[in-house]
Structure formats: structure tokens, C-alpha cells
Amino acid sequence: MDGNVLTPFTIHHLLFTHMSYQVIARKWRPQTFEEVTGQEPITRTLKNAIEHERLHHAYLFSGARGVGKTTTARLLAKALNCHKSEKPTATPCSMNDPTACASCSEIAEGRSIDVMEIDAASNTGVDNVRDAIIGNVAIAPARDRYKVFIIDEVHMLSGAAFNALLKTLEEPPPRVVFIMATTEIHKVPDTILSRCQQFEFRTIATAKIAEALRRIAREEKIDVDEDALREIARAGEGSMRDAQSAFDQVISFSGKKIKAEDVETALGLAGTEVLARVVLAIAEQRAAEALAVVDDLVMRGQDLRNFCRDLLAHLRDLLVAKVAGDATGLLDSSATEESEDCCASSLPTGNWSGEIDGDAQSRAAQSDSRTARCAGRIYAYGQSACGGRRQSSACCGCWRRFAT
Ligand SMILES: Nc1ncnc2c1ncn2[C@@H]1O[C@H](COP(=O)(O)OP(=O)(O)OP(=O)(O)O)[C@@H](O)[C@H]1O
Ligand SMILES: [Mg+2]
Ligand SMILES: [Zn+2]
């Protein structure tokens with residue numbers, strides 16, 4: 001037979017020997033509580049609970065996509081079961097440690113017999129809950145100290161499935177811990193919420209994402225300009241996973257040397273100077289210039305939704321720069337740069353006329369500041385600009401960050 005025929009063996013060989021590349025988000029999943037960026041109040045509380053053995057039997061982690069919920073759930077499971085310690089430990093084995101215990105290695109790879117990861121999105125029904133959870137809780141852990149159920153996207157469970165879970169969740173057998181994760185906490189019934197200890201994961205500040213990316217770039221020996229790094233971090237919109245995926249994409253595009261222009265081309269972003277040009281044109285009432293920029297973006301095949309999102313984030317930063325000055329930490333991008341001060345000062349801080357939607361208006365009324373009214377206006381604009389499609393887009397995020 002011809003030697004080039006693809007047998008199942010050769011396909012397996014080709015796939016698994018030549019696809020050793022692992023995406024950044026997976027390769028760099030935090031291995032210790034300290035490495036979880038931007039969620040310090042949560043990791044600190046969990047570490048204390050572990051050290052003082054004051055563990056709850058049910059946790060609920062909520063927050064936007066890619067901010068560390070599954071990562072922290074696995075870390076907690078490892079902490080409960082690590083074999084290197086007699087009791088739960090806040091410093092379980094890291095995957096980089098060649099002597100990592102069997103429990104920690106298997107949990108990190110999602111294949112431990114005592115730590116079950118259940119995807120509620122594909123197991124929504126009451127029968128799934130009975131089979132996968134209720135039927136299993138009474139069986140003692142096979143090897144580890146605790147039996148841990150990690151239920152991802154828990155809001156997807158049906159009403160009957162939630163009801164079936166209530167009793168078990170209230171009084172599970174000893175040595176059973178539930179960790180539930182959701183991006184849509186408002187869809188989780190109150191009866192479930194009140195039986196859990198809740199942790200709200202925050203979206204991660206751009207500066208912190210940039211810092212994490214800088215560390216990865218150093219380790220991976222990638223030469224990336226500071227401006228480029230900030231653009232990639234910004235593209236994550238508060239999600240570490242999204243930023244890391246964007247980083248992967250840019251590396252594929254331009255290799256190990258990355259400049260800001262590469263990021264803009266690879267991700268289809270409008271650069272900061274384009275945003276500054278538009279804002280200046282609006283401030284100086286030169287509509288033709290603003291339209292010329294948009295036309296240029298269209299000609300270059302850029303996604304105008306990205307542009308609207310970036311423009312909103314930019315306006316938000318300019319307003320913050322104007323109101324709060326150099327309030328480090330409040331700004332997301334480069335609006336403090338001298339070149340843009342002129343734009344900031346030409347923005348009005350009050351009397352933004354036009355329609356403000358009810359939600360933004362009531363928030364603005366609650367807070368009597370002129371800033372809030374402006375934010376409300378931008379929020380309203382953002383809602384109409386993106387048609388309210390993006391659940392956690394810059395416009396809603398911008399309002400939230402602005403108001404706090
Ligand atoms: N807070 C963080 N610190 C460091 N890295 C993080 C953080 N959050 C997410 N990541 C990175 O993103 C990847 C995905 O994170 P994780 O699976 O914990 O997200 P998630 O909150 O569960 O998101 P989803 O709701 O989409 O499931 C991780 O492998 C890690 O590389
Ligand atoms: Mg997850
Ligand atoms: Zn271990």
C-alpha cells in the first residue's frame with residue numbers, strides 16, 4: 001500500500017505531534033491565587049477561608065467573560081484537595097512544578113474523578129441535574145478530601161433543574177462543595193443565590209491587563225511596543241481572555257516584533273490618532289472632516305462597530321480627563337496625552353442636549369453632578385450606536401466605570 005495513506009494513526013500523529021502550540025489564554029492560566037489579576041478581594045477571602053478552615057459548601061462566582069471565574073474555581077478545587085498538605089492549603093501545586101500531586105495535575109487538566117466540571121449550558125434539564133449531580137453527591141470522594149462540583153453557566157439550568165438542586169445545595173453531605181459560575185447572575189433564582197456565598201468578579205482595568213501581557217511578552221520573548229501593548233489590552237474590554245486572544249491574533253499577524261500599526265491592522269481597530277482626529281473635527285464642528293475619517297475606515301474595510309465602541313471609550317476618557325484631571329486609574333486609554341488635551345477642553349461638561357434614555361436619565365438624576373449628565377448622554381448615544389446588542393460593551397461599561 002502507498003506509504004502516504006492517512007491512517008487513523010497517522011492522523012492522530014499529525015494532529016498531536018505538530019499541534020503542540022497552546023494558545024496564550026490556556027498556557028497562561030493562573031496557577032496560584034496571587035496570579036489571578038484584579039480579583040484580590042475575592043482571592044484574599046478564599047485564601048483566608050481555606051487557611052482558617054471556614055469553608056462554605058456552595059460558592060457562586062459571577063462576572064463578565066474571561067475574568068477568572070473558572071480559573072478561580074479550579075484553584076479552589078485544587079486548594080481543597082492538594083495531596084501535598086494534610087489539610088486544605090492556600091498554596092496548592094502549580095502546573096509548572098514537575099512534582100505536582102496527581103490531584104492538582106488532574107484538576108488543572110479538567111479530568112479529576114473527584115472534581116466534576118458540568119457545563120449547564122448543554123445539560124439544562126432536570127434529568128441532567130439528577131444524573132450528574134444529585135445521584136452523585138451521596139457517593140464519597142474516591143480519592144481526594146472533597147468532592148467538588150463546578151457548574152459552569154449555571155443560569156442556563158431550567159426552573160425544574162434549579163428546584164431539584166435546592167435541597168442538595170442547602171444541606172449537601174459533608175465533604176461536598178459546589179462552585180457555580182455565571183455571566184448572567186440576574187437569571188439565577190433568589191432561592192439559589194441565598195444558599196451560596198457570592199463573589200462578583202470585576203472586569204479588569206486596562207492597565208492591569210497590559211501589565212499581565214507585558215509579563216507574557218517578556219517570557220515568550222516577544223518584542224512589543226508600549227503603545228501596541230496598550231492597544232491590545234484595550235481591545236480586551238476588561239476581559240483578560242479576550243485581550244490574550246487578541247494578543248495571539250496579533251502575534252500570528254506580525255511575528256515576534258509588534259508595533260501599534262500592526263495591532264490596528266490585525267485587529268481592525270482605529271488608532272488613537274484617528275479617534276483624536278474625529279473628536280477634534282466634532283469639537284470644531286467640521287463635519288466633512290469627521291465623515292472623511294469614516295469614509296477612510298470603510299475603504300480600509302474596518303469594522304465600524306469597533307470604531308463606534310472605541311470612539312465612545314475615547315470620549316469617556318476625554319471627559320474623565322477633563323473632570324478628574326490626571327486621575328490615574330480612572331483612565332482607560334491615552335487621553336491624558338498632551339496632544340489630546342485640546343480635545344478634552346473643547347468638550348462641554350454640561351447641557352448636553354438631546355434625548356437621554358430613561359435608565360441613563362434616572363441614574364443621572366440620582367447623581368446630581370454635571371458629569372453624570374454627560375455620561376448619561378454618552379451612554380444613551382452608545383446604546384443607539386450599537387443598537388443595545390452588546391451586553392457588556394464599552395458603552396454600558398463606560399457608564400458603570402464612569403459612575404463609580
Ligand atoms: N483575573 C485573571 N488573571 C489572569 N488571567 C486571567 C484572569 N481571568 C482570565 N484570565 C485568563 O483568561 C483565561 C480564561 O479565564 P477563565 O476561564 O477563568 O474565565 P471565566 O471568567 O471563567 O470566563 P467565561 O465566563 O467566559 O467562562 C485564563 O486561562 C487566563 O489565561
Ligand atoms: Mg468559565
Ligand atoms: Zn497538589
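Trainee: This model is predicted. Which hand does the crossing of H13 and H14 have, left or right?

Mentor: H13 passes H14 in a left-handed crossing. Now take the angle. Helix H13 (residues 272–283) packs against helix H14 (residues 287–299) at about 155°. Their axes are 7 Å apart.

Trainee: Why is H13 called roughly antiparallel to H14?

Mentor: Angles over 145 degrees count as roughly antiparallel. The value here is about 155°. Therefore H13 is roughly antiparallel to H14.

Trainee: Which residues of H13 and H14 make the contact?

Mentor: H13 brings Val274, Arg277, Val278, Ala281 and Ile282. H14 brings Glu289, Ala290 and Val293. By class, that contact has 6 nonpolar and 2 charged residues, with no polar ones.

Trainee: On to H9 and H10. At what angle do their axes cross?

Mentor: Helix H9 (residues 206–219) and helix H10 (residues 226–235) cross at roughly 120°. Their axes come within 8 Å.

Trainee: What makes H9 oblique to H10?

Mentor: Roughly perpendicular covers 65 to 115 degrees, and roughly antiparallel starts over 145. The crossing is at roughly 120°. So H9 is oblique to H10. The crossing is right-handed.

Trainee: Which residues of H9 and H10 meet?

Mentor: On H9, Thr206, Ile209, Ala210, Leu213 and Arg214. On H10, Leu229, Arg230, Ile232, Ala233 and Arg234. This contact of H9 with H10 divides into 6 nonpolar, 1 polar and 3 charged residues.

Trainee: H10 also packs on H11. At what angle?

Mentor: About 130°, with the axes of H10 and H11 7 Å apart.

Trainee: How do you know whether to call H10 oblique or roughly perpendicular to H11?

Mentor: Roughly perpendicular ends at 115 degrees, and roughly antiparallel needs over 145. H10 and H11 pack at about 130°. That makes H10 oblique to H11. The crossing of H10 and H11 is right-handed.

Trainee: What classes of residue make up the contact of H10 with H11?

Mentor: First, the residues. H10 uses Ile232, Ala233 and Ala235, while H11 uses Ala243, Ala246, Phe247 and Val250. The contact has 7 nonpolar residues, no polar and no charged ones.

Trainee: Last, ligand 1. Which residues come nearest?

Mentor: Among 23 residues around ligand 1, the nearest are Arg29, Gly68, Lys69, Thr70 and Thr71. The shell has 9 nonpolar, 9 polar and 5 charged residues.

Trainee: Which helices and domains supply the shell around ligand 1?

Mentor: Helix H2 (24–27), helix H4 (69–81) and helix H11 (240–254) each give at least two residues. Domain 1 (45–200) and domain 2 (206–267) each give at least three.

Notes:
Residues numbered from 1 in each chain as written. Chains lettered and ligands numbered in written order. Predicted model: local features only at pLDDT ≥ 70, side-chain atom pairs only at ≥ 80, totals over all residues. Axes fitted to C-alpha atoms, helices over the stretch in contact; angles between N-to-C directions. Helix = DSSP H or I, 4+ residues; strand = E, 2+ residues; numbered from the N terminus. Parallel < 35°, antiparallel > 145°, perpendicular 65-115°, else oblique. Left-handed = near helix turned anticlockwise from the far one by under 90°. Contact = placed C-beta atoms within 7 Å. Nonpolar A, V, L, I, M, F, W, Y, C, P; charged D, E, K, R; others polar. Near = placed C-beta within 6 Å. Domains from an automatic or database assignment.
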